[in-house]
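Have the sequence and the 3D view open as you read.

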Amino acid sequence: MTPVSSKQYTDDVSLLMVLIDTNPLFWSSTATPFSFSKFLSQVLSFLNSIILLNQLNQVVVIATGFNSCDYIYDSSLGHGNLRAETLLQKLEEFVIKDEELNKQESVDGIGSSLLSGSLSMALCYIQRVFRSGSIHPQPRILCLHGSQDGPGQYVAIMNSIFSAQRSMVPIDSCVIGSQHSAFLQQASYITGGVYLKPQQLEGLFQYLTTVFATDLHSRNFLQLPKPVGVDFRASCFCHKNTIDMGYICSVCLSIFCKHHKKCSTCGSAFGQPQTSVSTSNQKRKAPDS
Amino acid sequence: MPQVKIIAKNFMDMVSSLPAMKLDKLYENAFICEAILRSLPPLAKKYVLQLLYIDVPVSASSLQEWVLVDGASKHRVAVDRLIQLRVFTETVDRKKEATYRLNLMFQMNLRKHVVHGGVLPREPMAANITVRLPSLEELDNYAAQQWECFLLHLINSAEVEVTTKSISPSMMKVFQRGLLSQRDNEGSRLTESGFQFLLMDTNAQLWYIIREYISNSEDRGVDSADLISFLLELSFHVTGEAYNMNTLDEIQRITVKDLADLGLIKLQQGRKDSWFIPTKLATNLSISLSDASSRKQGYVVVETNFRLYAYSTSKLHCEILRLFARVEYQLPNLIVGSITKENLYKAFSNGITADQIISFLQQNAHPRVAEKVPSVPENVTDQIRLWESDLNRVEMTPAHFFDDFPSRDVFEAACDFAREYSSLLWEDSKKMQLIVKTEIYAHMKEFLSHQK
């Protein structure tokens, strides 16, 4: 993966978009190995160290909530030095707002946070940076995610992943929950980022600085964690279930778990299914557009 | 950029050449640690971050494990640099196994930074105390103007009326050393490196001057380590903010005055307090030369008929152009000149090379022509190069001359011997004289002594 070259900047100037999972359902669950405040203090130190590395480095933090997501910190607006107070204040405001939204439309607790939304926001920000001029820092996205995948967001997330791939923005993922995330595995795999699920979360800072602080230039020379196995399973478009096998529209490649008479996406009419599904319709690759 | 020998590449090279004791002392200042870290190659930065919270020595092999085969050379460069700057302390144990540890002071300062976030060296003054502060644009103009005045002053240009709040003459002498050659009868004249200096961009010039300033500091009774730490600290101030002079100690106050003459700082006097405002020149100090963010807009247009138009009001630009072109007339915002053989010969004899002139013209090309490829017409660049090679028609080869051979046989044998080494440059068999290249002089002597 060769990032967009920026000649006038030195090689290691980075724009780091950090997506923090603030899902209250995840952080309050008993399975969560450590508290949100501990997590936050380690992440803040990590952000400090990124800014420390180069005066041109830029950090943007996006909070991924349960119902919404928002920018909570942008180092280019301040004096370059991370002001933890402003970040924490913004974060608090965000969490309160997120909670209010929850009351209005009570969602049944699947417990997934709005990853697709924050990914899109990060990509929008990066696009704006790309268009700001010929010289810009090299962007990358880091997802610090804990809650489980929401199959309902499958299409949106896949679309974000492909647009990240197109603009050559690697998505790094650091999974802090107890389970692997199939979405993030795919995201990092497709965009050439690093996927890591730390074994000992107490040492999160060390994981972050050792693996995720590496700028894109240095990645060419370093051995970083390789993907062990990627869960490529897709979600069906009709019931948003994660499926191993299903039906695919031969025209638009939409995925369904049951046989339909008509494709709900493009409207093509299907024939009768054969009694035995002989070919595995497991979706290996999503359309490249 | 014309690469010049006279320049230390940046601050950090100077810092790394300091004696160990002073270097350790420098690391007590958190800003220096920060500046040093930022100056490191990317891989070295990463190693520092990786080892930040590791309290035991880490073996070289375990550090090496992270590196792919392609990166081995980069790895070596990074580690060497870290050791050179004494950020890494290297110990080799009995099994010849090297281990590294971060410099304790350095580590502690960086840890503090990571946990608490960066702080400013000193708080800017509240806006209500100071009178109106200059805008960033005004400040940039001020810096550029001040720097230009200084340069004009430096080259002792005849054109310059004394406009600078002149730097002390002794200081000026220090800066001029190496750039000007002093001759009693005909006044001072720019030396080769002086010309090259003028053709460099502002950042590079600044480095040279600051370097001279620092290396001369001991003579003025200022500790060079103190000065370096103050200059680095200065680069962490915010451009355009006012800082109270009371926060500085005596030596720093003197330094600040010197820097104000160079345009690094603007001094302002209020009713009660006085304060200094760092300009972009100062805050860019810790950034290495490679960073071209301060690239200025060009102003020179060269035509295929060797005429040269410079849209500039600056006297300095005029002086620089005069180095290699004939300035024909000067309008308020335009200098018209032409590149002639005579002027170029003058430039070449002063030690400027054709490549330097061409790269100067290309780098300062007016935006209108800068888009074109090439920005300077090819026939002009070719001609400049041709004129330069005209001067180098004679090729020098160090040689030795032999004559007074005792007999013709010995002479012939000597000629054959030299021919075998293909080092015979000239022979005259009648007078029995020959000239050979220096390389084989020793062999030749030995050979002749055997002949006797």
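What is the order of the strands in the open sheet of three strands in chain B? It runs S6-S8-S7, with antiparallel pairing. Strands here are DSSP runs of E, at least two residues, and helices are runs of H or I, at least four residues, both numbered from the N terminus. Two strands count as paired if DSSP finds at least two bridges between them.

Strands S6 (243-244) and S7 (265-269) of chain B sit at the edges with a single partner strand each, so one side of each has no neighbour in the sheet. S7(B) pairs with S8(B) (residues 274-278) over five bridges, in the antiparallel sense. Facing Lys266(B) is Ile277(B) in S8(B).

Residues are numbered from 1 along each chain as its sequence is written, and chains are lettered from A and ligands numbered from 1 in the order in which they are written.

The model scores ipTM 0.79 and pTM 0.70. For chain B, mean pLDDT (the predictor's confidence in each residue, from 0 to 100) is 79, and 85% of residues reach 70 or more. Where pLDDT is low, the predicted coordinates should not be read in detail.

## What is buried

In chain B, 33% of the 452 residues are buried, meaning that 20 or more other C-beta atoms, placed from the backbone, lie within 10 Å of the residue's own. Helix H15 (residues 315-322) of chain B has Leu316(B), Ile320(B) and Leu321(B) buried. Looking down the axis of H15(B), the buried residues fall within an arc of 135 degrees (taken from the directions from the axis to the C-beta atoms), so they line one face of the helix.

## The nonpolar cores

A nonpolar core is a set of buried Ala, Val, Leu, Ile, Met, Phe, Trp, Tyr and Cys residues joined through C-beta atoms within 7 Å. The largest one has 158 residues, and Met17(A) and Ile62(A) are among those with the most contacts inside it. Helix H2 (residues 36-53) of chain A gives this core its largest share, nine residues. Apart from this core lies another of six residues, including Phe411(B) and Met444(B).

Conventions:
Predicted model: local features only at pLDDT ≥ 70, side-chain atom pairs only at ≥ 80, totals over all residues. Buried ≥ 20, exposed ≤ 12 C-beta atoms within 10 Å, placed from the backbone.
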